[in-house]
Amino acid sequence: MPRVDVFHLTPTRRLPLIEEDGLRTRADLSTLFGPPSDFDAAAPGTFAHGKRVSAWLSRDYAEAHADEYGRGLVSYSVDPAKTLAAPASLRASVSPAEYWEQAKPLKQWLDGGDAPDDLEVHQNLPVRVKYLQLHAPLVGETELGPYAPLVAAVADEDRLSAKALMHLAVIASDGDFDSPAFTAACALAWRDEKDPDRLVRELIETDPDKVASAALAEHGATAPEAVQAMRAALDETREWSDQNGVDHGQGLFARTALVLDELPAKA
């Protein structure tokens, strides 16, 4: 049987870490790596003790639980024969030990044609990056605040500008990883359609500073408050670049990296 896509939720601020290191968070304990709960301890073998990555078979079911687990949406593929799966509804009606006793490989659920909508799928290894995809975060006006109109105008329509503005939004967040600015950065960075491999190279060759500046000029009336904050970040970055002897485009990348270096590993 071919690999099957499953869907995982995590706080939006974890998406940069997942892209860099692969998927090391879990649907059950989406905000930290441990300590293992009674539910974890009851899992068999290496599925226990914080080694498990969990997701759902249904994207619709995952999206319906974004308020509970986080608005960062991730998919990855699993080998159906090397997983354990059970309905989420079992958690409310049986003990952790009974839940795991009733879990069976995803392949058996699929072969039987009786996979429930709330089927949880558990893998006992981190997800390899080649099987991983980050999707558009499940965020709207509430989470994006003044950045919402900018994200709506740019994120899907102009990927080159979106990538440049993503760097400015990270810098404008000033290390507040739950802020609308950082959430907007994630929404600009990842969409459901994968970016072409050449996009980052095109951004470097075009000059991210120039691309970002042009995008701010174009969308100043679309999202004035957000553009003002990002323009201030751009001006500060140019000054920082001049002080550090790097060109403005490289300075944009460097200041973004400095902010992302502060992301807590257990955010």
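Predicted model: local features only at pLDDT ≥ 70, side-chain atom pairs only at ≥ 80, totals over all residues.
Okay, let's start in the sheet. Strand β2, residues 53-56, pairs with β5, and the two run antiparallel over four bridges.

Now, β5 has another neighbour. Strand β4, residues 84-87, is joined to β5 by four bridges, and that pairing is antiparallel too.

How covered is β5, then? Mostly covered: the strand takes in residues 119-123, and five of its five residues are buried. Here's a bit of background. In a regular strand, side chains alternate between the two faces of the sheet. Now look at each side of β5. Leu119, Val121 and Gln123 are on one side, Glu120 and His122 are on the other, and every one of them is buried, which leaves both faces covered.

Okay, let's move over to a helix. This is α12, residues 208-218, and its buried residues are Pro208, Asp209, Val211, Ala212, Ala215 and Leu216. Why do we say that they line one face? Looking down the axis of α12, these buried residues fall within an arc of 165°, so one face of the helix is lined by them.

One more detail, at the start of α12: a side-chain oxygen of Asp207 comes to within 2.9 Å of the backbone nitrogen of Asp209.

Let's zoom out to finish. The protein chain has 14 helices and six strands. Its C-alpha trace spans about 60 × 35 × 30 Å along the principal axes. For 267 residues, a compact globule would have a radius of gyration near 18 Å, and the protein chain comes out at 21 Å, which agrees.

Of those 267 residues, 51% count as buried. And if you take contacts between residues at least 6 apart in sequence, 76% join residues at least 24 apart. Last one: the accessible surface is about 12,600 Å², and 49% of that belongs to carbon and sulfur atoms.

How values were computed:
Residues numbered from 1 in each chain as written. Heavy atoms only, no water. Buried < 20%, exposed > 50% of the residue type's maximum accessible area, 1.4 Å probe, protein only. Arc of directions from axis to C-beta. Polar contact = N/O pair within 3.5 Å; in protein donor to acceptor, adjacent residues only side chain to side chain. Pairing = 2+ DSSP bridges. Rg over C-alpha atoms; globule rule 2.2 N^0.38 Å. Contact = heavy atoms within 4.5 Å. Areas by Shrake-Rupley, 256 points an atom, 1.4 Å probe, with all protein chains shown as cover.
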